[in-house]
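This report goes through one protein structure, starting from a single residue and its contacts. The sequence and the structure come next.

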Amino acid sequence: MTRRDWEHVADEGLLDVIDQQIVKLYIVRRLPQMDAAAEIGIDRKTISRRLPHIYNIARRLVGKTDKEKAP
């Protein structure tokens, strides 16, 4: 997925505030998990635990967008 895709995922409103911050800091800005977690105010392990959910939402959203573009 591109940076633009991830920004779309974060802005779509399907993720809660913490997940949106994880996307913006860890995935888009590529901060290390420790730094992203410190900025958000959560434990690093929380990021690891939330990533599968974030990836699933992103796959569904991007896949849906791709299908909508198809003729």
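## V23 and its contacts

Beyond its neighbours within four places in sequence, V23 touches W6, A10, L15, V28 and I54, where contact means heavy atoms within 4.5 Å. The model in which these contacts occur is a predicted one; local features need pLDDT of at least 70, side-chain atom pairs count only at pLDDT 80 or more, and totals for chains, interfaces and linings use all residues. Residues are numbered from 1 along each chain as its sequence is written, and side-chain values use heavy atoms, with hydrogens and water left out.

V23 sits in helix α2 (residues 17-28). Helices here are DSSP runs of H or I with at least four residues, strands are runs of E with at least two, and both are numbered from the N terminus. With a relative accessible area of 0%, V23 is buried. Buried stands for under 20% relative accessible area, exposed for over 50% and partly exposed for values in between (1.4 Å probe, protein chains only). From V23 to R3 the C-alpha distance is 10.0 Å, at a separation of 20 residues in sequence.

## The aromatic pair

One aromatic pair turns up in a search of the whole structure. Its members are W6 and Y55, with ring centres 5.9 Å apart and planes at 65°, so the pair is edge-to-face. Rings of Phe, Tyr and Trp (its six-membered ring) pair if their centres lie within 6.5 Å; planes under 30 degrees apart count as stacked, over 60 as edge-to-face and the rest as tilted.

The pair links distant parts of the chain, since W6 lies in helix α1 (residues 3-11) and Y55 in helix α4, 49 residues apart. W6, also a contact of V23, is buried at 10% relative accessibility, whereas Y55 is partly exposed at 31%.

## R30 in the loop

R30 belongs to the loop between α2 and α3. Its phi is near 60°, a positive value in a residue other than glycine. Most residues other than glycine have a negative phi. R30 is exposed, with a relative accessible area of 70%.

## Whole protein and confidence

The protein has four helices and zero strands. Of its 71 residues, 32% count as buried. Among contacts between residues at least 6 apart in sequence, 49% join residues at least 24 apart.

Mean pLDDT (the predictor's confidence in each residue, from 0 to 100) is 89 for the protein, and 89% of the residues reach 70 or more.
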